[in-house]
Amino acid sequence: MKVIIRKTSEEASLWAAHYIADRIREKAAVSDKPFILGLPTGSTPIGTYKELIRMYEAGEISFKNVITFNMDEYVGLPESHPESYHSFMHTNFFDHVDVPAQNIHILNGNAPDLDAECAAYEAAIAQTDGIDLFLGGVGEDGHIAFNEPFSALNSRTRVVTLTHDTRVVNSRFFDNDFNQVPKQAMTVGVATICSAKEVLILGFGPKKAAAIKAGVEGPYTHCITLSALQCHEHGLVVVDEAAASQLSAETVSYFQAVEEAEGE
Ligand code: GLP
């Protein structure tokens with residue numbers, strides 16, 4: 001695992017967007033195969049999406065040969081609902097770039113058979129050469145996608161029940177009304193994320209500081225699914241100083257030294 005710390009969330013978002021764009025360009029330079037990109041929702045990745053959109057508009061990057069798989073979706077929320085993850089992705093990213101519509105994959109939270117939908121999603125990922133990079137955020141309780149505490153670290157795409165805490169946190173998007181937040185979601189599993197060749201998790205702000213500390217410095221445990229990155233060969237945690245504020249001074253100076261050494 002590598003931790004990248006930037007002063008502000010804006011700087012960290014730019015870093016992440018440029019990292020993703022570099023990976024897409026690098027693959028395109030040596031292969032005709034599509035770049036397979038895993039994508040999250042939430043407030044955290046918005047700055048990264050904005051910078052990717054800016055780069056696309058400036059002609060610096062194209063997503064024509066990119067296939068996307070989103071992390072998760074609420075169960076039972078109409079796709080047209082402004083807080084569905086379908087709506088979020090179109091509003092904040094897909095409507096502004098050139099990802100072909102047929103390359104976009106988002107779990108259908110209204111499928112007649114949710115388990116079959118999850119199995120089909122895993123099968124669709126398996127039909128590719130594997131996800132090249134999975135971008136994600138982290139919940140205040142250390143969850144990645146909707147893999148709440150005690151999700152199996154070898155879990156795959158499935159239907160999950162959201163914790164009370166996550167529904168309270170997400171109620172800010174539902175008129176602050178906890179009861180409007182769906183009780184269930186569909187999510188890629190921890191192992192689905194960790195099967196990607198690279199995983200890049202963003203964490204911004206003081207509310208994420210405890211989760212970042214636990215995931216980076218704590219034990220490898222299903223209690224904090226972010227900690228699964230500890231067993232990934234190319235796990236990246238990109239944070240602002242507020243989210244890094246509970247990391248030990250030794251951890252911070254180690255990763256700063258790594259960055260300096262690799263930049264030389
Ligand atoms: C939800 C999403 C996660 C996201 C988390 C944090 O639970 N399922 O993928 O990482 O929220 O959201 P935010 O970035 O808004 O803090």
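Visitor: How many aromatic pairs does the structure hold?
Guide: This is a predicted model, so local features need pLDDT of at least 70 and side-chain atom pairs count only at pLDDT 80 or more, while totals for chains, interfaces and linings use all residues. Residues are numbered from 1 along each chain as its sequence is written, and side-chain values use heavy atoms, leaving out hydrogens and water. Rings of Phe, Tyr and Trp (its six-membered ring) pair if their centres lie within 6.5 Å; planes under 30 degrees apart are stacked, over 60 edge-to-face, and the rest tilted. On that basis the number of aromatic pairs is 10.

Visitor: What kind of pair do the rings of Trp 15 and Tyr 19 form?
Guide: Their centres are 5.1 Å apart. The planes meet at 15°, so this pair is stacked.

Visitor: And what separates Trp 15 and Tyr 19 along helix α1?
Guide: Helices (H or I, at least four residues) and strands (E, at least two) are DSSP runs, numbered from the N terminus. Trp 15 and Tyr 19 are 4 residues apart in helix α1, which means a separation of about one helical turn.

Visitor: Is Tyr 19 buried or exposed?
Guide: Buried means under 20% relative accessible area, exposed over 50%, and partly exposed in between (1.4 Å probe, protein chains only). Trp 15 has 22% relative accessibility and is partly exposed. Tyr 19 has 17%, so it counts as buried.

Visitor: Which kind of pair do Tyr 74 and Phe 174 make?
Guide: Their ring centres are 5.7 Å apart. Because the planes stand at 85°, the pair is edge-to-face.

Visitor: How many residues apart in sequence are the parts that Tyr 74 and Phe 174 tie together?
Guide: Tyr 74 belongs to strand β4, and Phe 174 to the loop between α5 and β8. Both residues are buried. The separation in sequence of the parts they tie together is 100 residues.

Visitor: Which residues do ring pairs link into a cluster?
Guide: Here the links are pairs of rings. The members of the cluster are Tyr 49, Phe 63, Phe 93 and Phe 94.

Visitor: What distance does helix α1 reach from its first C-alpha to its last?
Guide: Helix α1 covers residues 9-30, a run of 22 residues. The expected span is 1.5 Å times one less than the number of residues. That expectation is 32 Å, and the helix comes close to it, reaching 32 Å.

Visitor: How many disulfides does a search of the whole structure find?
Guide: A disulfide is a pair of cysteine sulfur atoms within 2.5 Å. The search covers the whole structure, and its count is 0.

Visitor: Which cysteine sulfur is nearest to that of Cys 194?
Guide: Cys 194 is in no disulfide, and at 22% relative accessibility it is partly exposed. The nearest cysteine sulfur lies 8.3 Å away, in Cys 231.

Visitor: How far is the sulfur of Cys 223 from the closest cysteine sulfur?
Guide: Cys 223 is partly exposed, with 31% relative accessibility. The closest cysteine sulfur is that of Cys 231, and it is too far for a bond, at 15 Å.

Visitor: What is phi of Phe 150 near?
Guide: Most residues other than glycine have a negative phi. Phe 150, in the loop between β6 (133-136) and β7 (158-161), is exposed at 58% relative accessibility. Its phi is positive, near 80°.

Visitor: And what is phi of Asp 175 near?
Guide: Asp 175 sits in the loop between α5 (164-170) and β8 (184-187). With a relative accessible area of 64%, Asp 175 is exposed. Its phi is also positive, near 55°.

Visitor: In what order do 3 strands form an open sheet?
Guide: Two strands pair if DSSP finds at least two bridges between them. The pairing in this sheet is antiparallel, and the order is β4-β8-β7.

Visitor: Which are the edge strands there?
Guide: An edge strand pairs on one side only. The edge strands are β4 (72-74) and β7.

Visitor: In the sheet of 7 strands, is the pairing parallel or antiparallel?
Guide: This open sheet has the order β1-β10-β9-β6-β2-β3-β5. Its pairing is parallel.

Visitor: Which residue in β5 is the bridge partner of Thr 68?
Guide: Strand β3 (residues 66-70) pairs with β5 over 2 bridges, in the parallel sense. In β5, the bridge partner of Thr 68 is Ile 104.
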